[in-house]
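Here's a quick briefing to read alongside the structure. Have the viewer open and follow along.

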Amino acid sequence: MKRRDLILFIGIIVASIIGTKSFAIPIEKSNSKKINPEEVDRIIKTIKDNPEFSIFYQAIEQAELSEAIAKLDKMTLMIPTNRAIKMLPSDVWENFMDEENKEGLVQLLSYHVIPERLNLDELKRKEKLNTINKQSVSLTNKKELKIENAVVQEKKEETKDIIIYKLDRLIMPLK
């Protein structure tokens, strides 16, 4: 099997683990305001300037996801560290970052964008969250707060409309 075919095969397996619904479902809003563009810019800059999140920032840019999150009125971002992303086999991550696989990258990243602002106490009381693409992810709060397979390590940033939490791995729904 050729290397590119193997990479594509692994990417397909990872994508099937993540889910099969398309990100293309429109976000419906009811007379809600958008987040102030300056606040979105500041949050994107915060992600960009944090060396722990540089790979995630590159992925947001590659997926052009900042445009979609700018349309939200509130959000919670669950951001895996560079170390968390490097836990994936490098060929798999490179496959996601390939322009041809943009839809898969958008799907993967969308699990990390929750279209509501949730503080830690609210997260601890929930069992499921709906993501920007209207898929749900499970939460458990036993010894540590987990979203699917990812542990919420700490809150990194907070504004009136946005909260960013640091994760120890990518969110990949367990099916």
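This is a predicted model: local features need pLDDT of at least 70, side-chain atom pairs count only at pLDDT 80 or more; totals for chains, interfaces and linings use all residues.

The chain has 175 residues, and 45% of them are buried. Its secondary structure comes to eight helices and seven strands.

**The chain as a whole**
- Take the contacts between residues at least 6 apart in sequence: 69% of them join residues at least 24 apart.
- The chain exposes about 9,700 Å², with carbon and sulfur atoms supplying 51% of that area.

**The nonpolar cores**
- The largest nonpolar core has 33 residues, and Ile47, Leu65, Ile69, Leu77, Trp93 and Ile164 are the ones with the most contacts inside it.
- Several elements supply at least two residues each to this core, among them helix 2 (37-49), helix 4 (65-69), strand 1 (75-80), helix 7 (102-110) and strand 7 (162-167).
- Helix 3 is the top contributor here, giving six residues.
- There's also a second, separate core of 16 residues, which includes Met78, Tyr111, Leu118 and Leu123.

**Helix 2, face by face**
- Helix 2 runs for 13 residues and reaches 18 Å from its first C-alpha to its last, close to the 18 Å expected at 1.5 Å a residue.
- Which residues of helix 2 are buried? They are Glu39, Val40, Ile43, Ile44 and Ile47.
- Look down the axis of helix 2 and its buried residues fall within an arc of 135°, so they line one face of the helix.
- Pro37, Glu38 and Asp41 sit on the other side of helix 2, and they are exposed.
- The buried residues of helix 2 pack against helix 3, helix 4 and strand 1, as well as strand 6 (150-158) and strand 7.

**Trp93 and its aromatic partner**
- The chain's count of aromatic pairs comes to one.
- That pair is Trp93 with Phe96, and it's tilted: the rings are 6.5 Å centre to centre, with 50° between the planes.
- Trp93 and Phe96 are three residues apart in helix 6 (residues 90-97), so about one helical turn separates them.
- Both Trp93 and Phe96 are buried.
- Leaving out residues up to four places away in sequence, Trp93 touches Ile55, Ala59, Ile85, Leu88, Leu105, Leu108 and Leu170.
- Trp93 ties back to the core story too, being one of the residues with the most contacts inside the largest nonpolar core.

Key
Residues are numbered from 1 along each chain as its sequence is written. Side-chain values use heavy atoms; hydrogens and water are left out. Rings of Phe, Tyr and Trp (its six-membered ring) pair if their centres lie within 6.5 Å; planes under 30 degrees apart count as stacked, over 60 as edge-to-face and the rest as tilted. Helices (H or I, at least four residues) and strands (E, at least two) are DSSP runs, numbered from the N terminus. Buried means under 20% relative accessible area, exposed over 50%, partly exposed in between (1.4 Å probe, protein chains only). A nonpolar core is a set of buried Ala, Val, Leu, Ile, Met, Phe, Trp, Tyr and Cys residues joined through side-chain atoms within 4.5 Å. Contact means heavy atoms within 4.5 Å. The expected span of a helix is 1.5 Å times one less than its number of residues. The arc is that of the directions from the helix axis to the C-beta atoms. Accessible areas come from the Shrake-Rupley method with a 1.4 Å probe; for residues, only the protein chains shown count as cover.
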